[in-house]
Amino acid sequence: MINFAQWDRHHFAWLSIVTAVITIALKTWAWWLTGSVGLLSDAMESLVNLAGAGFALWMILITHAPADDRHHFGHGKAEYFSSAFEGVLIFIAALAIIVTASQRLFTPQPLESIGLGLAVSLLSTAINFAVSVVLAKAGKRLNSIALTADSKHLMTDVWTSVGVVGGILVVALTGWLRLDAIVAIAVGIHILFEGHHLVRASIDGMMDTAMDDESLAGIRATLDDFAGRGITYKNLKTRRAGVESFVQVDVLVPRDWSVGQGHDVLDEIEAKLATILPRASIVTHLEPKD
């Protein structure tokens, strides 16, 4: 059994790439069997998955590079480029799907080999669902926006496939051929919204968005534990940069303390914050209380 707990981010990116290649092959086969424009739109979205996964791997490898003379805080923000790139690809794929389906809407064509085609499509959907769940857990554990974006895109692909399969079944039962094109257009509109969410999340990251509420609550609770020793704080600031996070805070100690006492307290505070934020860069500044 595969132990995903030992995998790094680039291992999951490779998993996404392999999955995309397999699902492209399966969905293209399903489209070839049936002639369904809905299944064609599904295959086109998987091409976006492949491009997005490849770009995510590239960005993840960049984030492994250590800080240098030109990038003092490392390369963690590279992952946001991956999420934005995938969002833009989704926009392009959605527009292509809508254009293709609109043409078929006015010139509907009969579907063939529906049973086998849908079976192949459902197999690819099951694969995407399983990998999406794995990537979601990995994205949360490793704090990777690239893996999280990839997971959300794959899950969008799953619901897209379910909708397409449902539409084709209705076509088979009713003979209403235009429904195939209508479903494909609905798929295109749906993934446009998903692309919007991915691009927005990337912009938030580029704008140095603060850490999530849970992390902020943990930081404040840790700092509040020192209040009994006459220590307070102000100007708490946080931000995320991909897998990295940064914390800055002014620590106020009694004015009659020596520099050595204050320095020891800062070391203690930073050590305790590091236990709840193991990948954070923590900067504390000592000030006397009024």
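Student: Which residues touch the most other members of the largest nonpolar core?
Tutor: This is a predicted model, in which local features need pLDDT of at least 70, side-chain atom pairs count only at pLDDT 80 or more, and totals for chains, interfaces and linings use all residues. Residues are numbered from 1 along each chain as its sequence is written, and side-chain values use heavy atoms, with hydrogens and water left out. A nonpolar core is a set of buried (under 20% relative accessible area, 1.4 Å probe, protein chains only) Ala, Val, Leu, Ile, Met, Phe, Trp, Tyr and Cys residues joined through side-chain atoms within 4.5 Å. Of the 16 residues in the largest one, those touching the most other members are Ile219, Ile231, Val247, Val251, Ile269 and Leu277.

Student: Which elements give two or more residues to this core?
Tutor: Helices (H or I, at least four residues) and strands (E, at least two) are DSSP runs, numbered from the N terminus. Two or more core residues come from each of helix H7 (213-224), strand S2 (244-253), helix H8 (259-276) and strand S3 (280-288).

Student: How is the pair of Trp7 and Phe12 arranged: stacked, edge-to-face or tilted?
Tutor: Rings of Phe, Tyr and Trp (its six-membered ring) pair if their centres lie within 6.5 Å; planes under 30 degrees apart are stacked, over 60 edge-to-face, and the rest tilted. A search of the whole structure finds 1 aromatic pair. Trp7 and Phe12 lie 5.2 Å centre to centre with 55° between the planes, so the pair is tilted.

Terms used: Buried < 20%, exposed > 50% of the residue type's maximum accessible area, 1.4 Å probe, protein only.
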